[in-house]
Amino acid sequence: MRILHTADWHLGRTLEGRSRLDEQAQFLDELVSIVEEEKVDVVLVAGDVFDTVNPPALAEQLFYENMARLADFGRRPVVVIAGNHDHPDRLEAIDPLAKKHGIIILGYPTAEVLHISVPSCGEVLALAALAYPSESRLRKVLANELDETLLRDQYDRCIRELFQTMAAHFKGDTVNLAMSHLFVAGGESTDSERPIEVGGAYAVQPSSLPPQCQYVALGHLHRPQEIKHAPTKVRYAGSPLAYSFSEAGYAKSVTLVEVKPKGAAEVKEIPLSSGKPLVRWKATSSLREVWRWLEEGRD
């Protein structure tokens, strides 16, 4: 099974008041091309589809159009979870229509495991898909299954036990993956993320991720990276565009995962070429140096 892992699109986000929608559309065109060229069987989007809970109409249109393209109009499963920037109800609103095209959208965290038949490779994907598990969202949908004291005082343990409950539904003849949108301790952040690890309370330890998974697909951190000291392969796909100058000079990518039941996951980083790069220049003499750069067309 060939799985494309991407995250943190932040559709509708601007930079210093400048729209990035054209660049985001270019990325989605490139993403569709990669999915087709790499013969991807399943697409996983690990949260923060939009930049705000009330995204502009053009950003929503961009999302809906490209979901249909990625799903190849029902022939390729696509799973999307909400991130901390997404409004879970708004994201799920299109779910009844999306399901008819093989697209699964999860706005709220749940303890249920998705079992997805993937006809292109003749296998079944068991996916522990945990949408952004904030305390309030967990309490809203899992109040009867969670210990309130544990949730308030031991967030890391709560997430670990929730993943273990989900992993108990994995089977030996399925491809077993997890996906979530959270902060795992040890990950490198940038200035463009909205912090969710308030005072460290929402930080999850790498050891708390389920070892039964062959791969864990994460969203939230914008720098593509693997998490060390985890019991299995764990990776942040990163954002497709640089959303702050703290990301200047960092290559952007999506992640391709190839895995069979009971086998080790093979991970490949696919660089992206769309979007304008962000570059920092430092003037050492005077403002005239900056004006000269502009006259030379260095911008």
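## Exercises on a predicted model

Gly 107 counts as buried, because its relative accessibility is 0% and the cut-off for buried is under 20%. Keep in mind as you work that this model is predicted.

**Exercise 1. Find where Gly 107 sits in the chain, and which residues surround it.**

*Solution.* Begin with the chain: Gly 107 belongs to the loop that joins strand E6 (103–106) to E7. Next, look for contacts, setting aside neighbours within four places in sequence: Gly 107 then touches Ala 82, Pro 88, Glu 92, Ala 131 and Arg 137. Finally, compare sequence with space: Tyr 132 is 25 residues away from Gly 107 in sequence, while their C-alpha atoms are 8.0 Å apart.

**Exercise 2. Work out the strand order of the open sheet of six strands, and name its edge strands.**

*Solution.* Reading across the sheet gives E7-E8-E9-E12-E14-E13, and the pairing is mixed. Now look at the two ends: strand E7 (114–118) and strand E13 (225–226) are the edge strands, each pairing on one side only. Then take one pair from inside the order. Strand E8 (residues 123–130) pairs with strand E9 (residues 175–181) in the parallel sense, over six bridges.

**Exercise 3. Decide whether H1 and H2 are roughly parallel or roughly antiparallel to each other.**

*Solution.* First, take the axes of helix H1 (residues 21–37) and helix H2 (residues 57–70): they come within 10 Å and cross at roughly 5 degrees. Angles under 35 degrees count as roughly parallel, so H1 and H2 are roughly parallel to each other. The residues of their contact divide into 10 nonpolar, two polar and two charged. Among those in H1 are Leu 21, Leu 28 and Val 35, while the H2 side includes Leu 58, Leu 62 and Arg 69.

**Exercise 4. Describe the largest nonpolar core, and say which element gives the largest share of this core.**

*Solution.* Start with the count: the largest nonpolar core has 32 residues, and Trp 9, Leu 11 and Val 49 have the most contacts inside it. Then trace the suppliers: H1, strand E4 (42–45), H2, strand E5 (78–81), E6 and strand E15 (253–258) each give at least two residues. The largest share, seven residues, comes from H1. Elsewhere, a second, separate core of 29 residues includes Leu 130, Leu 209, Leu 221 and Val 234.

Notes: Residues are numbered from 1 along each chain as its sequence is written. This is a predicted model: local features need pLDDT of at least 70, side-chain atom pairs count only at pLDDT 80 or more; totals for chains, interfaces and linings use all residues. Side-chain values use heavy atoms; hydrogens and water are left out. Two strands pair if DSSP finds at least two bridges between them. Helices (H or I, at least four residues) and strands (E, at least two) are DSSP runs, numbered from the N terminus. Buried means under 20% relative accessible area, exposed over 50%, partly exposed in between (1.4 Å probe, protein chains only). Contact means heavy atoms within 4.5 Å. Axes are lines fitted to C-alpha atoms, for helices over the stretch in contact, and angles run from 0 to 180 degrees between N-to-C directions. Angles under 35 degrees count as roughly parallel, over 145 as roughly antiparallel, 65 to 115 as roughly perpendicular and the rest as oblique. Ala, Val, Leu, Ile, Met, Phe, Trp, Tyr, Cys and Pro count as nonpolar, Asp, Glu, Lys and Arg as charged, and the others, Gly among them, as polar. A nonpolar core is a set of buried Ala, Val, Leu, Ile, Met, Phe, Trp, Tyr and Cys residues joined through side-chain atoms within 4.5 Å.
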